[in-house]
Amino acid sequence: MIKAVIFDLDGVIVDTAHYHFVAWQRLAKELGISFTEKENERLKGVSRMRSLEIILEIGGVSLPEEKKEELATKKNSWFVEYIEAIKPDEIFSGVREMLSSLRQQGFKVALASSSKNAETVLRLLQIKPLFDTVVDGTMITHSKPDPEIFLLAAARLGIEPEHCVVFEDAEAGVEAALAAGMKCVGVGSADQLGKADAIVNSTADFRIENLHSL
Ligand code: BG6
Ligand code: MG
């Protein structure tokens, strides 16, 4: 019996996953590392520092901690610049209505994003009041694929993991949801998200009445 629905943010609610990619690609270019959209799939859902480390691994580059901190901060400043202009109507089509309907039908609704910028994005989209709880990258020690963020969201909602469904666009996120003992709807392609219990092209394509048959 599903009682709660937990949403990832970047790539599930709004197209900020694209801005993360553009900022990482800009940094990779500066470092002389070729970094493709396909390789970017590995960065989705993981923390800022782990993302940088994956890019450095791809380029075969090793750097001291201090330099890595500087580069991660630089990437974040570009990302923050890109998202500054986000308007409420940039939420993916149908998602605002879906969040409202879920709560009207008695489901608890949470946001669980690895991003430390999640609060900013929620404010720009003006959707924070649509969630019963928000958990982000500032509140966790281990980022996806570790289940910590989803377990924390469920605990804050007071709902057992087995009664939760997660919407995720990242392979690391699908793994985290399943490791938490939750159901998972993948948003995107079966190539990356094949382990999910169901896959949709975009979040609002999922029909709420199908939650119980996952
Ligand atoms: C996740 C994104 O939501 O947040 C990742 O999928 C990103 O691509 C991660 O690296 C951390 O984001 P931030 O905003 O804290 O750098
Ligand atoms: Mg995502």
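**Notes on strand 1 and the overall fold**

1. In strand 4, Phe7 has Phe167 as its bridge partner. That pair belongs to a parallel pairing: strand 1 and strand 4 (residues 164-168) are joined by 4 bridges. Keep in mind that this is a predicted model.

2. Strand 1 has another partner to look at. Strand 2 (residues 108-112) also runs parallel to strand 1, again with 4 bridges between them.

3. Which residues of strand 1 are buried on each side? Ala4 and Ile6 are buried on one side, Val5 and Phe7 on the other, so both faces of the strand (residues 4-7) are covered, in keeping with the definition of buried as under 20% relative accessible area. As a rule, side chains in a regular strand alternate between the two faces of the sheet.

4. Stepping back to the whole chain, I count 9 helices and 6 strands in the protein. Residues 24 or more positions apart supply 61% of the contacts with a separation of 6 or more.

5. On overall dimensions, the radius of gyration is 17 Å, which agrees with the value near 17 Å for a compact globule of 214 residues. Along the principal axes, the C-alpha atoms fill a box of roughly 50 × 35 × 30 Å.

6. As for the surface, the protein exposes about 9,900 Å², with carbon and sulfur atoms supplying 47% of that area. Buried residues make up 49% of the 214.

7. Last, the charges: there are 24 positive and 33 negative ones, and their mean positions lie 2 Å apart.

Terms used
Residues are numbered from 1 along each chain as its sequence is written. Chains are lettered from A and ligands numbered from 1 in the order in which they are written. This is a predicted model: local features need pLDDT of at least 70, side-chain atom pairs count only at pLDDT 80 or more; totals for chains, interfaces and linings use all residues. Side-chain values use heavy atoms; hydrogens and water are left out. Helices (H or I, at least four residues) and strands (E, at least two) are DSSP runs, numbered from the N terminus. The radius of gyration is taken over C-alpha atoms; the globule rule is 2.2 Å times the number of residues to the power 0.38. Buried means under 20% relative accessible area, exposed over 50%, partly exposed in between (1.4 Å probe, protein chains only). Contact means heavy atoms within 4.5 Å. Accessible areas come from the Shrake-Rupley method with a 1.4 Å probe; for residues, only the protein chains shown count as cover. Lys and Arg count as positive and Asp and Glu as negative; His and the chain ends are not counted. The place of a charge is taken as NZ of Lys, CZ of Arg, CG of Asp or CD of Glu. Two strands pair if DSSP finds at least two bridges between them.
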